[in-house]
Amino acid sequence: MTEAREVLLEAQGVRKAYGARPALKGVDLAVRAGEFVALLGPNGAGKSTLFQLLTGLFDADAGELRVCGEDMRRTPVRALGRIGVVFQQMTLDLDLSVEANLVFHARLHGIGGAESRVRIADVLARVGLAERRADRVRELSGGNRRKVELARALLHRPAVLLMDEATVGLDPASRRHLLDEVLALRAAGVGVLWATHLVDEAEVADRVLVLHRGELLAAGRPAELTRAAGCTHLADAFLNLTGAPQAAEP
Ligand SMILES: Nc1ncnc2c1ncn2[C@@H]1O[C@H](COP(=O)(O)OP(=O)(O)OP(=O)(O)O)[C@@H](O)[C@H]1O
């Protein structure tokens with residue numbers, strides 16, 4: 001059924017090398033409206049490199065990237081305007097209030113005045129932080145800081161949400177909360193690409209893409225991937241495919 005939905009994010013033949021060392025060796029992927037896709041790979045697989053290309057931080061050596069049909073090379077501003085992103089490293093100003101961090105981001109997207117106030121109230125309510133809007137980010141727990149980053153990523157109403165190892169450093173309950181918040185966005189038609197090295201996060205995805213050493217080794221629903229590898233658990237299938245031991249949960 002998801003196959004009939006609009007493709008929001010598309011990569012075709014994407015390659016990237018750092019000097020002589022290839023980081024992505026020709027990656028094809030698609031994320032559709034309302035679909036949660038896990039990009040599962042061990043350390044060094046190329047997940048962050050792919051995210052840096054998808055967020056326009058640098059160009060691919062070859063291949064194409066499109067967001068809502070907008071080519072990342074030809075119309076980068078329009079393509080980037082449809083993306084929301086939470087990077088692996090936190091990028092909030094700890095000494096500003098939750099609200100001030102969001103106002104700054106709203107202005108970057110040309111959203112000001114009453115519209116900005118309405119949207120900030122909306123996104124903070126969505127992540128359960130309406131009561132914390134005046135608090136400095138420094139006073140928030142790690143889990144709530146991540147939720148502020150999620151709220152910020154949603155402020156300009158992106159079609160696609162990119163989450164790069166967003167649960168790193170969070171305790172199990174906070175990880176689960178953040179994951180649930182993002183899974184709930186599917187109902188609004190948001191497409192999500194969720195990069196992780198944790199198999200349990202990939203188990204709840206609509207589709208899993210296994211990335212290893214710059215190559216996609218497998219793609220499919222978690223149960224399909226598990227069956228195709230002749231395993232009963234996705235963790236074993238991942239281990240078979242990549243040879244990498246599953247990282248311990250934080
Ligand atoms: N700036 C860089 N210069 C040189 N090599 C790099 C650079 N960034 C990444 N690499 C290399 O490219 C490969 C892919 O790295 P990348 O960070 O994209 O993987 P990852 O899946 O995000 O891993 P991790 O989970 O450890 O961040 C690795 O071999 C890495 O050492």
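**Note on the core, the central strand and the ligand shell**

1. In this predicted model, the largest nonpolar core comprises 68 residues, and those with the most contacts inside it are V37, L40, L193 and W194. Domain 1 (2-82 + 159-242) and domain 2 (93-157) both contribute residues to this core, so it lies between them.

2. L193, one of the residues with the most contacts inside the core, deserves a separate remark. Once residues up to four places away in sequence are left out of the count, L193 touches L9, V31, V37, L39, V160 and L162. V37, which is in that list, is likewise named among the residues with the most contacts inside the core.

3. Strand 8 (residues 191-196) has six of its six residues buried, so it is largely enclosed by the rest of the structure. The burial applies to both faces of the strand, with G191, L193 and A195 on one side and V192, W194 and T196 on the other. For a reader checking the burial, the criterion is 20 or more other C-beta atoms within 10 Å of the residue's own, with C-beta atoms placed from the backbone.

4. The pairing of strand 8 can be followed through two partners. Strand 3 (residues 36-40) runs parallel to strand 8 and is joined to it by five bridges; within this pairing, L40 has T196 as its bridge partner in strand 8. Strand 7 (residues 160-164) also pairs with strand 8 in the parallel sense, over five bridges, and here V160 is partnered by G191.

5. Strand 5 is joined to strand 4 (residues 62-67) by two bridges in an antiparallel arrangement, and R66 has D71 as its bridge partner in strand 5.

6. The residues around the ligand are Y18, R21, A23, G41, N43, G44, A45, G46, K47, S48, T49 and H197. Strand 2 (21-32) and helix 1 (47-54) are the elements that give two or more residues to this shell, and helix 1 provides the largest share, three residues.

7. Sorted by class, the shell around the ligand consists of three nonpolar, seven polar and two charged residues.

How values were computed: Residues are numbered from 1 along each chain as its sequence is written. This is a predicted model: local features need pLDDT of at least 70, side-chain atom pairs count only at pLDDT 80 or more; totals for chains, interfaces and linings use all residues. A nonpolar core is a set of buried Ala, Val, Leu, Ile, Met, Phe, Trp, Tyr and Cys residues joined through C-beta atoms within 7 Å. A residue is buried if 20 or more other C-beta atoms lie within 10 Å of its own, exposed if 12 or fewer, and partly exposed in between; C-beta atoms are placed from the backbone. Domain bounds come from an automatic or database domain assignment. Two residues are in contact if their C-beta atoms, placed from the backbone, lie within 7 Å. A residue is near a molecule or strand if its C-beta atom, placed from the backbone, lies within 6 Å of it. Helices (H or I, at least four residues) and strands (E, at least two) are DSSP runs, numbered from the N terminus. Ala, Val, Leu, Ile, Met, Phe, Trp, Tyr, Cys and Pro count as nonpolar, Asp, Glu, Lys and Arg as charged, and the others, Gly among them, as polar. Two strands pair if DSSP finds at least two bridges between them.
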